[in-house]
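Hi there,

Here is the structure I promised to pass on to you.

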Amino acid sequence: MSNTPMAANPLTRAVLEIDEYASGLGWDQPARLFALVDTTRLRSEEPALAAQLGLQDEQETSGLTPIEQEEVPADRPLDEFLATIAWPGAVAGCALTVERLMLPPSAEAQVPQGLDEAKLARWVAAHPERQEVRMTVAVLRDGARESALRLREKDSATDVLTGSELVPGLAEALAATFEE
């Protein structure tokens, strides 16, 4: 993608490309799941698909190509859905982009005790310090991880935070899709 900043490694570039794609769709979007495939392998083994994705003329010799998968079911908990996924060998990794409400650490002490998930979600949604965040998390079969976080109130490509340990729980759930 033309606006994606150059990053040090292919996984970071893939995460930023997915973040840019999700940003172009706007906010209040459903979760999106992507297979990450080796671009060189894709060009050689699936030239028609590579051409359809506009990869046939790219000069880059290494990289990952995100391929969006079917819709993530909204009527099912994300962890349950991820537990049903098994990737074929050609898939080098996977990524997920999802929007959530987030509270600062200082709000933890304010959380009322005994709330079920639905009541807790309503409490967070009504909290004055809540932040809307889009998280894009990717993992590779070899264990590498990368994440990108974008706050709705700072919605620009220059304000995207990246790091390998930003969303460890989601990274673990994605890594589990590669376990046999």
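**Strands side by side**

Arg-134 stands opposite Arg-150 in strand E5. Before going further, a word on what you have: it is a predicted model, in which local features need pLDDT of at least 70, side-chain atom pairs count only at pLDDT 80 or more, and totals for chains, interfaces and linings use all residues. Residues are numbered from 1 along each chain as its sequence is written, and side-chain values use heavy atoms, with hydrogens and water left out.

Strand E4 covers residues 131-140, and seven bridges join E4 to E5 in an antiparallel arrangement. Strands here (E, at least two residues) and helices (H or I, at least four) are DSSP runs, numbered from the N terminus. Two strands are said to pair if DSSP finds at least two bridges between them. Another facing pair is Ala-138 and Glu-146, the latter in E5. E4 and E5 make a hairpin with four residues between them, and Gly-143 in the turn has a positive phi of about 100°.

What lies on the other sides of these two strands? Strand E3 (residues 93-102) is joined to E4 by ten bridges, again antiparallel, and Cys-94 has Val-139 in E4 as its bridge partner. E5, for its part, has three bridges to strand E6 (residues 161-163), and E5 and E6 run antiparallel. There, Ser-147 is partnered with Gly-163 of E6. As you trace the strands, keep in mind that side chains in a regular strand alternate between the two faces of the sheet.

**Covered and uncovered**

How many residues of E5 are buried? Six of the seven residues in E5 (145-151) are, and the strand is mostly covered. Buried means under 20% relative accessible area, exposed means over 50%, and partly exposed is in between (1.4 Å probe, protein chains only). In E4, nine of the ten residues are buried, so E4 is largely enclosed by the rest of the structure. Over the chain, 38% of the 180 residues count as buried.

For a contrast, find Thr-158 in the loop between E5 and E6. Thr-158 is exposed, with a relative accessible area of 73%. Its C-alpha atom is 30 Å from that of Asp-79, a residue 79 positions away along the chain.

Asp-28 is also worth a click: it sits in the loop between helix H1 (10-25) and strand E1 (32-38). Asp-28 counts as exposed, at 56% relative accessibility. Its phi is near 60°, a positive value in a residue other than glycine. Most residues other than glycine have a negative phi.

**The whole chain**

Zooming out, the chain has six helices and six strands. From the N terminus on, they run α-β-α-α-β-α-β-α-β-β-β-α. The radius of gyration is 17 Å, close to the 16 Å that the globule rule gives for 180 residues, so the chain is as compact as a globular protein of that length. That radius is taken over C-alpha atoms, and the rule is 2.2 Å times the number of residues to the power 0.38. Along the principal axes, the C-alpha atoms fill a box of roughly 55 × 35 × 25 Å.

Finally, contacts (heavy atoms within 4.5 Å): among those between residues at least 6 apart in sequence, 65% join residues at least 24 apart.

Enjoy exploring!
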